[in-house]
Amino acid sequence: MKLLAIDSSGLVASVAILENENLLAEYTVNFKKTHSETLLPMIDEIAKMTEQDLKTLDAVAIAAGPGSFTGLRIGSATAKGLALALKVPIVEVPTLAGLAMNLFKAKGLICPVMDARRQQVYSGIYRFEGDKLVTVRNQEPVAAADLIAELNEMEGGLASEGVIFLGDGSKVVKPFAEKDLKVPYTFAPANTNRQRAASVGALAEVYFAEGRYVTAAEHAPIYLRKSQAEQERERKGLV
Amino acid sequence: MNGHTDILAIETSCDETAAAVVRDGHEVLSNIIFSQIDMHTIYGGVVPELASRAHIEKINPVIEEALRTAGMTLQDVDAVAVTYGPGLVGALLVGVAEAKAVAFAAGKPLIGVNHIEGHISANYIEHPELKPPYLGLVVSGGHTHLVIAEDWNKFRILGRTVDDAAGEAFDKVARAVGLGYPGGPKMDKAAKGGDPNAIHFTKAKVNGSEYDFSFSGLKSACLNYINTERMAGREINIPDFAASFENSVVGVLVEHTIRAAKEHGMKDIALAGGVAANSELRRQLAEACEANGFHFYVPSPIFCTDNAAMIGAAAYHEFKCGTRSGWNLNAVPDLKLGERAS
């Protein structure tokens, strides 16, 4: 079982090749440059470096969303193009589950957050039961203040062992946590606090084994938000 | 692969998701277009985010259909071509990322194509005898260019719009008079049977290049006319209004084109772009060419509106000239005619 994993959901561009629970290569760049220019050259680089015959890939894994709409589409179109040409399926990994996978078997709750602007974050709440990543609350856009209140409600229960935040929404959540969060919390360090295609790939291996994949044509990003134009129509009661 | 050069072309610059397989730059083996127009109509124009989302959903089926219709697999094509500008950046990015990945995984060369040059190249499909140098008039919702095709991949701009594109003026005026979106085809239809001289809209003068166009003045004149008539409680004669507006736009396009052809010693004139589907523009330019002894070329309407076959036609000549794009090819939303990605 061999797969290529891609995450271009945020500022980070990350690609990885995994084979039978081994990470062969990972290339991650967290720098202001358009994914359109970097993503495919990065894939080309790790494929060459590990002497890949692309035809031996069994699937392409993608951080399917949420994230920057444009970033998601660049990753999705890249995955769809590769999968179309190689005739392999696509494994869709929720971006926040992929982030949570960075903290394998961490104690307590894992709360990946992505900056969704206007004091909002895309967040999900996860924890590990043994080796298995369990979703406590599905990924969705929430106000940072509401996320803190939600975690406070778990005080003494699921959150008794504390919460680890990670992701580029950490800076949005931090002032709210400092002010109101009652449960112990921490922020993940640099080696695990951003998207990593290796984590997307590792989770994709689990999904793939469970038969959770789609065709290249079927795959589309999980935006979690409607377009501005649709939102405005709804506000005006036109829908 | 078979003595021919077969190119898979992809186009997603605006609101059509399109793919085609074109042989030797003119023989269209398939031409698949998924139009999103119904989706955008309720918004009165193209919504970029919705266009980008629809491209992602349709692009694989459209490419697969193009290959199937051509009776080919990816392995059979010689290159993959894609529009990388100008256009809506989010929409372009879908096609560019997809095309790069397809070409990379299939081990095929990639050719980035300029959308406007694609429009001009649409003429090669039905007129393989057309060869540079010739004069091109590209008129669409986003572009109005008068250009000399000096060589297969070398273009010189003589004039362009300094404000609205001609098609944009059609859309805006059509909306104001209540014909709705898209304005071009609706105005064209409404103008049938109207008197083109019923209303006199003054032609705007443009400072700068003698071949430049300006349509915002005409647009304002039309909006003023609509306002004045409505204030006075007079009903607007839509056919007369549409025919008069159309006549003004077409008049200035034809006049500049013929003058440019004479002054630059061009024998062939090629019309292109979405507005080239306008029946009045086709008729008047054809007549003016005939009267002045020029050869007139124009694609069938299906190749005038956005499509991927025209990208395949342009890509063929780029391919022959040695153009190969890198895996870092990016969308360039304001790509100029004749410009090449570095």
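Predicted model: local features only at pLDDT ≥ 70, side-chain atom pairs only at ≥ 80, totals over all residues.
Which strands of chain A does helix 5 (residues 170-180) of chain A lie across? Residues are numbered from 1 along each chain as its sequence is written, while chains are lettered from A and ligands numbered from 1 in the order in which they are written.

**View 1. Helix 5 of chain A lies across strand 6, strand 7, strand 9 and strand 10 of chain A.** Helices (H or I, at least four residues) and strands (E, at least two) are DSSP runs, numbered from the N terminus. Helix 5 runs at about 120 degrees to strand 6 of chain A. Axes are lines fitted to C-alpha atoms, for helices over the stretch in contact, and angles run from 0 to 180 degrees between N-to-C directions. Two residues are in contact if their C-beta atoms, placed from the backbone, lie within 7 Å.

**View 2. An open sheet of chain A is formed by five strands in the order 8-7-6-9-10.** The pairing in this sheet is mixed; two strands pair if DSSP finds at least two bridges between them. Strand 8 and strand 10 (185-187) of chain A are the edge strands, each pairing on one side only. On average, neighbouring strands of the sheet are turned by 20 degrees against each other, direction ignored. Strand 9 (residues 163-166) of chain A runs parallel to strand 10 of chain A, joined by three bridges. In this pair, I164(A) stands opposite T186(A).

**View 3. Strand 7 (residues 120-129) of chain A is mostly covered, with eight of its ten residues buried.** A residue is buried if 20 or more other C-beta atoms lie within 10 Å of its own, exposed if 12 or fewer, and partly exposed in between, with C-beta atoms placed from the backbone. Strand 7 of chain A pairs with strand 8 (residues 132-143) of chain A in the antiparallel sense over nine bridges. F128(A) has L133(A) in strand 8 as its bridge partner. Two residues lie between the strands of this hairpin, where G130(A) takes a positive phi near 65 degrees.

**View 4. Strand 6 (residues 109-115) of chain A and strand 7 of chain A run antiparallel and are joined by four bridges.** M114(A) stands opposite Y122(A) in strand 7. The hairpin has four residues between its strands, and R117(A) in the turn has a positive phi of about 70 degrees. R118(A), in the loop between strand 6 and strand 7 of chain A, has a positive phi of about 50 degrees although it is not a glycine. R118(A) is exposed, with 9 other C-beta atoms within 10 Å. K105(A) is found in the loop between helix 3 (95-100) and strand 6 of chain A. K105(A) is not a glycine either, yet has a positive phi of about 60 degrees; with 11 other C-beta atoms within 10 Å, K105(A) is exposed.

**View 5. Two cis peptide bonds are shown, from G65(A) to P66(A) and from P132(B) to P133(B).** The omega of the bond from G65(A) to P66(A) is near 10 degrees, and P66(A) is placed in the loop between strand 4 (59-65) and helix 2 (69-86) of chain A. For the bond from P132(B) to P133(B), omega is near 0 degrees. P133(B) is in the loop between helix 4 (115-126) and strand 6 (134-139) of chain B.

**View 6. Strand 2 (residues 16-23) and strand 3 (residues 27-35) of chain B pair in the antiparallel sense over eight bridges.** V22(B) has V28(B) in strand 3 as its bridge partner. Three residues lie between the strands of this hairpin, and D24(B) takes a positive phi near 55 degrees.

**View 7. The contact between the chains involves 29 residues of chain B and 27 residues of chain A.** Helix 2 (48-70) and helix 3 (89-106) of chain B each supply at least two residues of the side of chain B that touches chain A. Helix 3 of chain B gives the largest share of that side, 13 residues. By class, the side has 20 nonpolar, five polar and four charged residues. Ala, Val, Leu, Ile, Met, Phe, Trp, Tyr, Cys and Pro count as nonpolar, Asp, Glu, Lys and Arg as charged, and the others, Gly among them, as polar.
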